Amino acid sequence: MAPRLNEASIDSLSEQHDPQQHTFDTFGVSSDATFIGVVSRPTEDMEELTDEIIPCLGMPEKYLSKFLKRRSEYRMNSAIDNPTNRAYDDLELDDKYTEHVRDSEKAQSAIASLVSRLDDGEEVTLVCYEESHQRCHRHLLMEMIDSRSESDFQLSVALTA
């Protein structure tokens with residue numbers, strides 16, 4: 001049985017997207033999957049390459065702005081090996097994202113809807129901007145969805161860079 005909950009970065013989708021090709025099957029991604037952007041700031045690429053966007057499941061703006069600023073500062077320091085992961089960890093974004101989801105009725109409702117869709121057999125790929133090997137709220141969101149699902153779907157990582 002194919003995994004029904006996957007993840008992807010927008011860059012990996014963009015690199016593999018050919019406007020002349022109408023399916024992702026060639027790239028190992030089921031064309032039946034629903035690509036859902038889980039970002040609070042969707043770009044034109046995100047809107048073009050995903051089927052829908054759920055902004056309430058993105059990182060809240062107040063934390064996203066701090067993260068982007070800190071990551072930019074770290075990128076200017078050659079002594080920092082992984083600016084994305086370091087900024088994410090320093091700002092304790094796993095805890096902040098978990099709190100956001102716990103306290104947001106919209107986020108709770110969106111997760112419940114995704115769980116229902118998965119339980120009904122829909123294949124879903126969560127998409128945001130960070131590559132799969134980077135620290136990202138998308139990984140935490142996948143764990144939340146997995147822990148709430150009553151089905152026995154398999155959790156996997158797709159489209160790693």
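User: Does α3 pass α4 in a left-handed or a right-handed crossing?

Analyst: The model is predicted, and the two elements are helix α3, residues 61–75, and helix α4, residues 83–90. Their axes come within 8 Å. The crossing in which α3 passes α4 is right-handed.

User: At roughly what angle do the axes of α3 and α4 cross, and what does that make α3 relative to α4?

Analyst: The axes of α3 and α4 cross at roughly 135 degrees. Angles over 145 degrees would count as roughly antiparallel, and 65 to 115 as roughly perpendicular.

User: Which residue of helix α3 is 8.2 Å from alanine 87, C-alpha to C-alpha?

Analyst: The residue is found in helix α3 and counts as partly exposed, at 27% relative accessibility. In sequence, 19 residues separate this residue from alanine 87. The residue is leucine 68.

User: In what order do the elements of the protein chain run from the N terminus?

Analyst: The protein chain has 161 residues, of which 45% count as buried. Its secondary structure consists of 7 helices and 4 strands. From the N terminus on, the order is β-α-β-α-β-α-α-α-α-β-α.

User: What is the angle between α6 and α7, and is their crossing left-handed or right-handed?

Analyst: The axes of α6 and α7 are 9 Å apart, and the two helices pack at an angle of about 60 degrees. That angle makes α6 oblique to α7. The crossing of α6 and α7 is right-handed.

User: How many residues apart in sequence are the parts tied together by the salt bridge of arginine 117 and glutamate 52?

Analyst: The side chains of arginine 117 and glutamate 52 meet at 2.8 Å, N to O, in a salt bridge. Arginine 117 lies in helix α6 (residues 105–119) and glutamate 52 in strand β3 (residues 52–53), so the parts that this pair ties together have a sequence separation of 65 residues.

User: What relative accessibility do arginine 117 and glutamate 52 have, and which residue joins them in a network of salt bridges?

Analyst: Arginine 117 has a relative accessibility of 18% and counts as buried. Glutamate 52, at 26%, counts as partly exposed. The network of salt bridges that links Glu52 and Arg117 also includes Glu122.

User: Are aspartate 103 and arginine 102 buried or exposed?

Analyst: The side chains of aspartate 103 and arginine 102 meet in a salt bridge of 3.3 Å, N to O. The count of salt bridges in the model comes to 9. Both aspartate 103 and arginine 102 are exposed.

User: What is the nearest side chain of opposite charge to glutamate 131, and which side chain makes a polar contact with glutamate 131?

Analyst: Glutamate 131 lies in the loop between β4 (124–128) and α7 (137–148). It is buried and has no salt bridge. A salt bridge needs a distance within 4 Å, while the nearest side chain of opposite charge, arginine 138, is 6.9 Å away. The polar contact of glutamate 131 is 3.1 Å, and the side chain that makes it is serine 9.

User: Where does glutamate 92 lie, and what is its phi?

Analyst: Glutamate 92 is partly exposed, with a relative accessible area of 47%. It lies in the loop between α4 and α5 (93–103). Glutamate 92 has a positive phi, though the residue is other than glycine, and the value is near 55 degrees.

How values were computed: Residues are numbered from 1 along each chain as its sequence is written. This is a predicted model: local features need pLDDT of at least 70, side-chain atom pairs count only at pLDDT 80 or more; totals for chains, interfaces and linings use all residues. Side-chain values use heavy atoms; hydrogens and water are left out. Buried means under 20% relative accessible area, exposed over 50%, partly exposed in between (1.4 Å probe, protein chains only). Lys and Arg count as positive and Asp and Glu as negative; His and the chain ends are not counted. A polar contact is a pair of N or O atoms within 3.5 Å; within protein, one must be able to donate a hydrogen and the other to accept it, and residues adjacent in sequence count only if both atoms are side-chain atoms. Axes are lines fitted to C-alpha atoms, for helices over the stretch in contact, and angles run from 0 to 180 degrees between N-to-C directions. A crossing is left-handed if the near helix is turned anticlockwise from the far one by less than a right angle, and right-handed if clockwise. Angles under 35 degrees count as roughly parallel, over 145 as roughly antiparallel, 65 to 115 as roughly perpendicular and the rest as oblique.
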